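User: I have a structure open here and would like to go through it with you. Could we begin with the ligand?
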Amino acid sequence: MNRPIVFALPGSEALLQALCTALDAEPGALEHRQFPDGETYLRIESDVADRHVVLLSSLDRPDGKLLPLLFAADTLRELGALKLGLVAPYLAYMRQDVRFHPGEAVTSRTFAALLSRHLDWMVTVDPHLHRYHALAEIYRIPTQVVHAAPLLAAWIKRNVARPLIIGPDMESEQWVAQVAADADAPFLVCEKVRSGDREVTISIPNASAFLDRQAVLVDDITSSGRTLAVAARQLASMGFAPPDCVVVHPLFAGDAAQVLGGYVGRIVSTNTIVHTSNDIDMMPVIAEAVRNAP
Ligand code: R5P
């Protein structure tokens with residue numbers, strides 16, 4: 001691969017320098033603005049002919065980001081980019097992986113088909129794989145998944161004495177087990193039942209043997225914050241101190257921060273989505289994956 005050039009799409013500008021440094025890449029210049037009627041103006045200002053081009057776009061709040069991304073991708077190709085890859089530290093629409101009710105859109109498939117048509121490869125961090133087992137089930141381009149678990153474990157080892165790792169639902173067992181092993185800590189996995197976007201109930205297994213430990217809730221995504229808040233309230237009722245929360249993708253939608261306030265200790269996250277809780281840098285491992293891109 002010749003020295004890549006990286007363009008940050010709107011919302012991911014704060015990650016550009018870190019990725020360029022980790023990748024030894026050139027930051028590309030791109031102008032983006034809205035016309036008065038809300039349509040997008042986009043201009044590529046750097047020379048990309050025969051270059052390996054990386055688009056950096058974390059796809060939280062994806063609907064407003066998708067069109068600029070597709071406009072940029074097509075323009076870069078027209079301007080002669082040799083290869084065009086996407087680094088999407090957070091990949092959206094992975095949770096709508098089945099038609100739960102008749103007539104619902106399985107948006108993960110449409111989203112994947114769209115991205116696959118415009119790009120040559122993609123790198124992402126821990127996509128929410130639940131009913132899909134691999135991105136290849138819906139993406140038609142080569143994809144690489146970077147895992148945050150080793151870095152979450154390293155943060156916990158450095159910052160928490162005698163941790164007890166807790167996964168809030170069965171899906172979390174895959175990464176919670178690895179985080180716990182890497183952090184030399186015991187772990188528990190709870191059972192969660194979701195009855196609405198903001199309604200969950202959580203049952204925590206008997207944890208009385210661990211009351212002298214610091215509970216650390218580990219989850220891939222915090223969206224409404226209800227999963228962590230409900231788990232934290234349960235832990236308090238069992239006699240635990242407020243749990244620390246370590247999250248891969250800090251979506252923190254709506255009133256999530258307020259909902260969590262008072263129930264939890266520290267909240268830390270990776271920088272797959274720019275947020276005040278970011279304390280774990282994923283860019284070096286993302287850069288490693290980009291170096292292996294086809
Ligand atoms: C869901 O299965 C995920 O692993 C997270 O637990 C979930 O997305 C968190 O959502 P919220 O913060 O809205 O409870």
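Analyst: In this predicted model, an N or O atom in the side chain of glutamate 171 lies 2.9 Å from an oxygen atom of the ligand.

User: How far is the side chain of aspartate 220 from an oxygen atom of the ligand?
Analyst: An N or O atom of the aspartate 220 side chain is 2.6 Å from a ligand oxygen.

User: And arginine 95? How far is a polar side-chain atom there from an oxygen atom of the ligand?
Analyst: That separation is 3.1 Å for arginine 95.

User: How much of the ligand's accessible area does the protein cover?
Analyst: On its own the ligand has 370 Å² of accessible area, and the protein covers 94% of it.

User: Which residues around the ligand come nearest?
Analyst: There are 15 residues around the ligand, and the nearest of them are Asp219, Asp220, Ser223, Ser224 and Thr227.

User: Changing topic: where does histidine 249 lie?
Analyst: Histidine 249 is part of strand E14, which spans residues 244–250.

User: Is histidine 249 buried or exposed, and why?
Analyst: Histidine 249 counts as buried because its relative accessibility is 1%, and the cut-off for buried is under 20%.

User: What does the histidine 249 side chain make a polar contact with?
Analyst: One partner is the side chain of threonine 272, at 2.8 Å. The histidine 249 side chain also reaches the backbone oxygen of aspartate 126, at 3.1 Å.

User: Which residues is histidine 249 in contact with, leaving aside neighbours within four places in sequence?
Analyst: They are Pro89, Tyr90, Val125, Asp126, Asp220, Ile221, Thr222, Thr272 and Ile273. Asp220 in that list is also among the residues that come nearest to the ligand.

User: What does proline 62 touch, not counting residues up to four places away in sequence?
Analyst: Proline 62 touches Ala92, Tyr93 and Phe111.

User: How far apart in space are proline 62 and tyrosine 90?
Analyst: Their C-alpha atoms are 9.8 Å apart, with 28 residues of separation in sequence.

Terms used
Residues are numbered from 1 along each chain as its sequence is written. This is a predicted model: local features need pLDDT of at least 70, side-chain atom pairs count only at pLDDT 80 or more; totals for chains, interfaces and linings use all residues. Side-chain values use heavy atoms; hydrogens and water are left out. Helices (H or I, at least four residues) and strands (E, at least two) are DSSP runs, numbered from the N terminus. Buried means under 20% relative accessible area, exposed over 50%, partly exposed in between (1.4 Å probe, protein chains only). A polar contact is a pair of N or O atoms within 3.5 Å; within protein, one must be able to donate a hydrogen and the other to accept it, and residues adjacent in sequence count only if both atoms are side-chain atoms. Contact means heavy atoms within 4.5 Å. A residue is near a molecule or strand if one of its heavy atoms lies within 4 Å of it. Accessible areas come from the Shrake-Rupley method with a 1.4 Å probe; for residues, only the protein chains shown count as cover.
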